[in-house]
Amino acid sequence: MDREDRLIARAKKALARRLAAPGAAIDSPAVVRDFLMLELGEEAREVFCALFLDAQNRVLSFEPLFAGTLTETSVYPREVVRRCLDLNAAAVVFAHNHPSGVTEPSNADKYLTDRLKAALAMFDVRVLDHFIVGGASRPLSFVERGLL
């Protein structure tokens with residue numbers, strides 16, 4: 001591991017600590033965006049993750065839920081709902097990567113987000129955002145794009 005890799009690893013750990021510190025509330029999309037870039041930016045295949053939050057938007061857990069191929073990942077709403085209920089989450093932020101580096105959401109990305117939002121609404125779990133990470137590109141936020 002060279003010096004740059006060690007620096008990146010330390011930065012990842014520092015952001016993870018900041019985001020996952022007991023009682024740490026999500027109060028800045030920029031912190032989430034930076035964290036997601038470090039977590040997902042270098043993945044060689046699509047990974048779908050969730051940041052689970054309590055009623056005060058404090059982090060309960062950040063977890064990769066599904067991993068797929070270079071171009072797609074199968075995501076099962078039933079399993080996402082189950083994990084939210086297991087953690088007693090009140091809100092969730094979704095994220096996945098596009099290994100191609102292109103952060104533009106596909107129709108499948110939009111459809112999946114709508115399905116997850118509808119499924120979780122039945123259990124009073126709010127979907128706060130969905131980010132698409134593409135390498136070194138700025139992650140796209142569904143909320144900022146008006147898609148959520």
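A salt bridge here is a side-chain nitrogen of Lys or Arg within 4 Å of a carboxyl oxygen of Asp or Glu. Welcome to a few close-up views of this predicted model, in which a search of the whole structure finds seven salt bridges.

**View 1. E63 and R83 form a salt bridge.** The closest N and O atoms of E63 and R83 are 2.7 Å apart. Look for E63 in strand β2 (residues 59–67) and for R83 in helix α3 (residues 77–87); the pair therefore ties together parts that are 20 residues apart in sequence. How do the two partners sit in the model? E63 is buried, at a relative accessible area of 16%, while R83 is partly exposed, at 26%.

**View 2. R82 pairs with E79 in a salt bridge.** Here the N to O distance is 3.2 Å.

**View 3. R138 and E144 meet through their side chains.** R138 counts as exposed, its relative accessibility being 54%.

**View 4. R33 joins R138 and E144 in a network.** Stepping back from the previous pair, you can find R33 as well: salt bridges link R33, R138 and E144 in a network.

Technical notes
Residues numbered from 1 in each chain as written. Predicted model: local features only at pLDDT ≥ 70, side-chain atom pairs only at ≥ 80, totals over all residues. Heavy atoms only, no water. Helix = DSSP H or I, 4+ residues; strand = E, 2+ residues; numbered from the N terminus. Buried < 20%, exposed > 50% of the residue type's maximum accessible area, 1.4 Å probe, protein only.
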